[in-house]
Amino acid sequence: MTATDNLVIEGLAVTTLVDSAETWLDHTGDDTRVDPSLDTDHRGSAVERLTAWRARHRMRRQLAEAVLARQRNPDRGLPVASNERVFAFLRTLVASRRRTIIALITFSLLAAVAGLIVPRILGGVVDRVTGGDPTLASSLNGICLAAAGVVLVQGALTYLTRLITTVFGQDLLSSAREEVVRTVLRLPLSRVETAGTGDLVTRVTRDVSAMASAAQWALPQFVTTVGLVGLTLVALFLNSPLLTIPTLLGMALLFFTVRTYLKHALAGYIAEGDSYSTINSTLTESVEGARTAEALGLQRQRARQTDLDVEVSAQTERYTMSLRNLMFLTMDYAFQGPLILVVVLGAVGYTQGWVTLGQVTVAALYLQQLIGPMDVLVQTLDRAQVGMASTTRLLGIAEVPQDRTPSGEEPRDSHLVGRDLRFAYREGHDVLHGVDLDLVPGERLAIVGPSGSGKSTLGRLLAGINGPRTGEVTVGGASLMGLPLDRLRTEVALVTQEHHVFVGTIRDNIVLARETTATEDEVREALAAVDALEWVERMPLGITTKVGSGNTRLTPAQAQQVALARLVIADPHTLVLDEATSLIDPQTARHLEGSMSSLLTGRTVVAIAHRLHTAHDADRIAVVIDGNIAELGSHDELMALDGEYAKLWRAWTS
């Protein structure tokens with residue numbers, strides 16, 4: 001048989017993969033995910049290049065809108081929230097800070113009013129000069145002092161506005177981050193794993209940062225800038241309705257430009273965030289699977305995969321950059337055009353006696369004064385769009401439906417039973433096929449089998465992490481998926497080969513499940529039970545030694561022992577150990593399992609094992625082959641059967 005079999009279905013080349021190395025390859029035909037027509041072509045006339053750019057811009061817009069549509073209703077992974085949900089979230093944050101908002105608006109408006117006084121004073125001086133006012137010279141000192149006083153008052157009001165803005169922004173940022181943490185911790189674990197590491201990591205790092213920037217600066221800046229722009233327009237009109245016309249024309253041009261930008265920017269920035277998630281996922285998979293890639297000779301393919309992800313990301317960034325450039329180009333005309341028109345219109349109006357030179361001067365100064373705030377306002381809107389895109393991605397986490405609904409049933413006892421268990425990670429591809437398993441309370445069951453046979457999946461169903469596609473897992477007659485999580489974890493707990501050390505003391509890491517009730521003696525007993533007390537007591541501060549990021553670093557074996565001690569403190573009656581000692585060397589693992597033996601007495605233990613000495617010591621052994629329990633019995637019974645388990649045991653001991 002050849003390495004691959006090619007089929008043709010409705011004009012699409014479909015590759016049938018027949019070995020493990022082939023499943024890693026990215027079969028995309030021409031080895032690219034970016035349409036070649038999106039490549040920039042510098043040939044041709046200026047008109048031809050402009051036409052080609054417009055075509056590329058439209059195509060990138062369609063791609064961004066397609067990403068947004070897919071993200072709003074994803075088949076897998078995490079969704080993004082609707083605009084209405086984002087605005088509701090912002091209203092909730094702002095509503096609880098009404099006094100701060102009122103103070104912010106009040107002081108910003110007072111500062112804006114103070115800033116409008118000096119141009120009026122200067123306009124009055126110009127009119128008095130052109131009118132030949134003989135008293136001007138004697139009053140200049142008073143005018144200068146008044147102007148200086150107004151500037152000082154404006155500076156003080158601006159300082160207070162900035163101070164309130166900072167306090168408001170930091171408070172808003174704190175609340176937003178707390179809400180994000182609460183939202184992430186409410187995520188069903190089963191959905192987290194289908195989402196992919198890169199997407200969740202990007203959402204809680206880059207997206208939190210972007211949302212924080214918007215919450216901290218964009219919203220307060222928007223409030224203060226809108227007030228300043230509004231008052232300046234009023235002052236322009238009061239100065240001269242005629243000289244307000246150029247400003248209104250510029251504002252109208254700016255309005256339509258910004259509206260067009262806002263219409264398309266959200267999809268662009270969400271597509272950007274999605275592309276960053278893809279890059280993170282690919283990089284994470286390549287790093288974590290580096291040994292596998294090296295063993296199969298797939299380094300080039302993984303590097304190429306990253307290049308393809310970067311190409312896609314580059315196209316999304318070019319799209320958002322083009323949106324910004326188009327907006328900024330129009331902004332220049334909207335800002336500079338009215339100033340020229342005011343001078344021209346002012347000259348005509350002055351010759352016709354419609355306006356005075358002082359009014360022209362005031363209008364020109366107001367326009368100059370307006371450019372800065374308008375520029376800030378547009379940049380704030382841009383930052384707000386980035387923040388809004390990130391916020392939709394973050395709030396999308398909250399829209400993930402819970403994977404369980406509490407039924408109110410209470411377990412009668414600790415009897416764990418699974419009936420007709422089927423499960424699929426992808427629709428139509430079951431990895432378990434009608435598994436039945438009845439655990440005797442207090443027994444130790446070992447689940448063994450080749451990689452990919454469904455051992456860990458079965459363990460996750462027995463621990464209530466995932467719900468079966470068909471069938472049910474019950475404890476004491478109550479469905480595991482009908483128990484609230486906090487109640488479930490007092491019944492059944494899962495420890496996998498993965499582990500995490502939180503920033504804090506060793507004690508903090510161990511008592512997570514019983515933070516308020518666990519005593520120091522219980523913590524030491526738990527450490528002793530997992531054979532960790534000796535090395536913990538050698539630490540500088542014993543169980544109060546700080547570990548985690550930036551503190552004392554634990555080895556993978558030590559971190560796994562801490563995770564097991566955490567399980568001891570949680571004290572569930574049923575334990576599911578998914579290769580829980582895989583990161584510890586065989587001799588230490590054997591000693592650890594022996595140390596835990598007395599502790600596990602009286603509890604139901606399901607051990608998913610790749611080291612068969614664990615199975616040898618179990619009361620019963622379930623051999624899982626291709627998603628079915630092929631054999632079930634004790635070590636001696638299965639050896640006498642001389643079936644799949646006997647083959648595994650002989651291979652292990654040979």
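Predicted model: local features only at pLDDT ≥ 70, side-chain atom pairs only at ≥ 80, totals over all residues.
Strand 3 (residues 416–426) pairs with strand 6 (residues 470–475). Five bridges join them in the antiparallel sense. Look for Arg419: opposite this residue stands Glu472 in strand 6. Strands of a sheet pair through backbone hydrogen bonds.

## Two packed helices

Two packed helices are described by the angle between their axes and the distance between the axes. Helix 4 (residues 98–130) packs against helix 5 (residues 136–185) at an angle of about 160°. Their axes are 8 Å apart. Angles over 145 degrees count as roughly antiparallel, so helix 4 is roughly antiparallel to helix 5.

The crossing of helix 4 past helix 5 is left-handed. Their contact has 21 nonpolar, eight polar and one charged residues.

## The cavities

Rolling a probe the size of a water molecule over the atoms shows where empty space is left. Here the count is three cavities of 30 Å³ or more. The largest cavity has a volume of about 90 Å³.

Which elements give two or more residues to the lining of the largest cavity? They are helix 8 (241–288), helix 10 (299–352) and helix 11 (357–398). The lining residues include Thr247, Gly250, Phe335, Pro338, Leu367 and Met374. By class, the lining has nine nonpolar, two polar and no charged residues.

Technical notes. Residues numbered from 1 in each chain as written. Heavy atoms only, no water. 1 Å grid on protein atoms, 1.4 Å probe; cavity = no way out; pocket = protein on both sides within 12 Å on 5 of 7 lines; lining within 4 Å. Points joined across faces, edges and corners; volume = space filled by probe spheres on them. Helix = DSSP H or I, 4+ residues; strand = E, 2+ residues; numbered from the N terminus. Nonpolar A, V, L, I, M, F, W, Y, C, P; charged D, E, K, R; others polar. Pairing = 2+ DSSP bridges. Axes fitted to C-alpha atoms, helices over the stretch in contact; angles between N-to-C directions. Parallel < 35°, antiparallel > 145°, perpendicular 65-115°, else oblique. Left-handed = near helix turned anticlockwise from the far one by under 90°.
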